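Here is my notebook page for today. I looked up a few things and jotted them down in order.

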Amino acid sequence: MRKLSWPLWLTSGLLYVFLYAPIVVVIVYSFNSARHGGPWRGFTWQWYATLLDNQDKLAAARNTLVLGGLSTLVSTLLGTGLGYGLSRYQFPGKRFFSFLMYIPVVIPDIVMAVAMLMFYSQVRQWLGFLELGMTTMVLAHVTFQIPFVAIVVRSRMVGMDQSIEEAAHDLGATSLQTFLHVTLPLILPAVVAGGMLAFTLSLDDFVVSFFTTGPGASTLPILIYASVKRGITPDINALSSVIILISVIGTVLPMLLQRPAKHRGDT
Amino acid sequence: MRHALKSLALAVVAALALSACSKQEAPPAPAAAAPAPVAAKEPCTLNVFIWSEYMDPEIIKAFEQKYSCKVTIDLYEDNESMIAKLQGGGTSLYDIVVPGNYVVAAMVKLDLLAPLRKENIPNLKNLDDKFVSPAYDRDNKYTAAYQWGTVGIYTRKKPGQAVDETWGLLFDPKAKPGAFLMMDSIREMMGSALKYKGYSVNTTDQKQLKEAADLLAAAKKRSQGFEGGVGGKNKVLAKAVKAAVVYNGDAVKGTKDDPETYYFVPREGGVIWVDNLAIPSKAPHRETAEKFIDFILDPKVGAQLSDFNQYATPNKAARALVNADDGKNPAIYPPPEMMAKLEFVEDLGEQNRLFDEIWTMVKSK
């Protein structure tokens with residue numbers, strides 16, 4: 001392997017600083033004892049303690065995780081099916097479907113959010129259900145997550161050698177067996193990656209969530225955005241630090257777990 | 001207040017207004033103005049849609065205890081997104097919203113608010129005269145004032161040197177206040193410029209508006225730009241700028257952190273804003289909402305609320321009970337001669353367009 005030359009070292013170093021400095025600032029400020037932000041006033045654990053008492057923020061954190069978890073589960077299942085179907089089957093209107101799939105990817109969030117909101121209110125008016133709340137939020141998130149999962153899965157399928165599946169068929173496996181025992185293990189990394197992508201999108205999303213949520217179903221992005229103009233209270237910094245910690249663990253842990261998994265291998 | 005005329009939010013409102021129009025023909029909507037159906041015998045709940053950091057959690061606890069009720073608080077950050085949400089079906093979700101004075105008329109026109117049934121809110125009598133039957137809601141038909149305040153300049157006092165309390169600090173090129181920030185909010189900034197020139201903040205006179213717009217455009221070049229909400233206050237505290245245009249409540253909190261900082265409404269006068277309690281037209285728990293408004297208008301609760309927010313209470317009966325320091329603080333309760341120079345920002349209907357155009361022009365210059 002070639003060694004990194006020093007200009008490359010420097011630029012990449014600066015880039016990393018640029019990318020990660022804001023996160024460091026958030027973590028550092030979560031220990032700042034000044035109540036209204038601004039200058040540094042000494043070290044404190046206080047905000048982490050108040051966080052545990054703050055029902056609103058804990059509820060928002062819980063909502064965010066429930067929303068992210070549920071919508072990721074549903075969208076990963078559906079998205080994997082879509083990605084698989086689009087790359088393995090021929091059916092009328094296939095091109096049209098692939099095209100439709102890109103719409104939630106390219107459409108601006110705000111347009112999607114308003115469309116959803118209007119759709120829900122029409123449904124409510126005519127059919128009397130879909131009251132805004134967690135359900136509508138999960139549905140909305142699934143809608144924009146599916147294509148991302150499908151695109152990731154499909155690109156993996158394209159790179160996969162089809163003769164493996166054909167071999168399974170030749171040996172007498174049904175379509176379902178082939179999928180479960182041959183295809184799925186091979187595309188699993190893409191399914192996991194797609195699922196993680198979907199989860200991140202859900203965690204991040206503010207616009208769609210704000211418009212499709214109902215009373216008592218606020219998520220962290222809504223809470224944080226709503227606090228920006230009145231001044232971020234330090235406990236939000238503390239909360240963000242906790243989330244950063246969890247995300248880091250969440251990324252590192254699967255990486256560590258993957259190695260022994262390879263040795264266990266061929267089930 | 002805290003007016004962020006985001007074109008996005010406006011687009012949303014416009015889109016929803018269109019859809020609302022088309023919807024109206026189809027099914028009749030009788031529930032809008034008529035008394036809403038009384039909530040069935042279910043556990044008492046109340047859904048409040050409000051600005052962040054604007055309600056003392058202790059007050060909520062007290063209300064929950066008194067009426068054995070479960071209160072849910074949801075947050076929004078500007079009037080525009082709150083209205084968009086209500087138009088998209090939120091009127092049947094929330095029981096209490098807190099619109100700023102300048103959007104009340106528009107919300108009434110859009111059928112988003114239910115009239116207050118005054119017999120259920122005896123404490124309305126506690127409101128100060130200035131907030132009884134205000135221009136934006138004659139006869140308190142839809143709203144009861146919640147908190148009010150001013151917009152002024154937040155700066156740092158040089159020891160032994162008096163600050164010349166004028167909007168000229170921003171608008172007079174000869175004044176050298178050091179680095180300063182303006183507020184990212186059209187009516188407040190235009191109001192300041194208009195007041196500096198001696199005009200009304202609600203003028204629609206083209207010539208006067210032009211003068212104010214030119215002042216703003218010129219001031220923008222000398223300034224560090226616009227900053228929304230508490231950003232200006234934080235930068236003064238952090239000594240990143242010398243002065244900033246801010247809301248008084250933010251400034252009062254700032255002076256607690258750093259006593260060398262200082263807030264004033266310039267002698268020319270300025271904008272006064274009121275946030276109001278209101279009930280959405282199809283609120284599911286209208287009676288509880290009225291109980292809640294009545295509860296907030298209780299003198300003791302009103303005082304507690306203002307102690308928490310450090311904004312002024314519109315409640316005459318609560319005025320005597322607020323924290324003594326706050327009660328004497330001219331940054332919260334301007335002296336009478338200043339009160340006379342403060343003006344409500346009014347909804348100008350069609351003419352709002354003029355302000356929007358000026359703002360676009362100022363921002364893009």
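I began with chain B: of its contacts with a separation of 6 or more, 78% join residues 24 or more positions apart. Contact here means heavy atoms within 4.5 Å.

A note on the ground rules: this is a predicted model, where local features need pLDDT of at least 70, side-chain atom pairs count only at pLDDT 80 or more, and totals for chains, interfaces and linings use all residues. Residues are numbered from 1 along each chain as its sequence is written, chains are lettered from A and ligands numbered from 1 in the order in which they are written, and side-chain values use heavy atoms, leaving out hydrogens and water.

Of the 365 residues in chain B, 58% count as buried, meaning under 20% relative accessible area with a 1.4 Å probe, protein chains only.

Next I turned to chain A. Which residues of H3(A) meet H10(A)? I noted Lys57(A), Ala60(A), Ala61(A) and Thr64(A), which meet Leu220(A), Pro221(A) and Leu223(A) in H10(A). By class, this contact has 5 nonpolar, 1 polar and 1 charged residues (Ala, Val, Leu, Ile, Met, Phe, Trp, Tyr, Cys and Pro are nonpolar; Asp, Glu, Lys and Arg charged; the others, Gly among them, polar).

Last, I checked Arg88(A), which lies in helix H3 of chain A. Beyond its neighbours within four places in sequence, Arg88(A) is in contact with Met157(A), Met160(A), Gln162(A) and Glu165(A).

Conventions: Helix = DSSP H or I, 4+ residues; strand = E, 2+ residues; numbered from the N terminus. Buried < 20%, exposed > 50% of the residue type's maximum accessible area, 1.4 Å probe, protein only.
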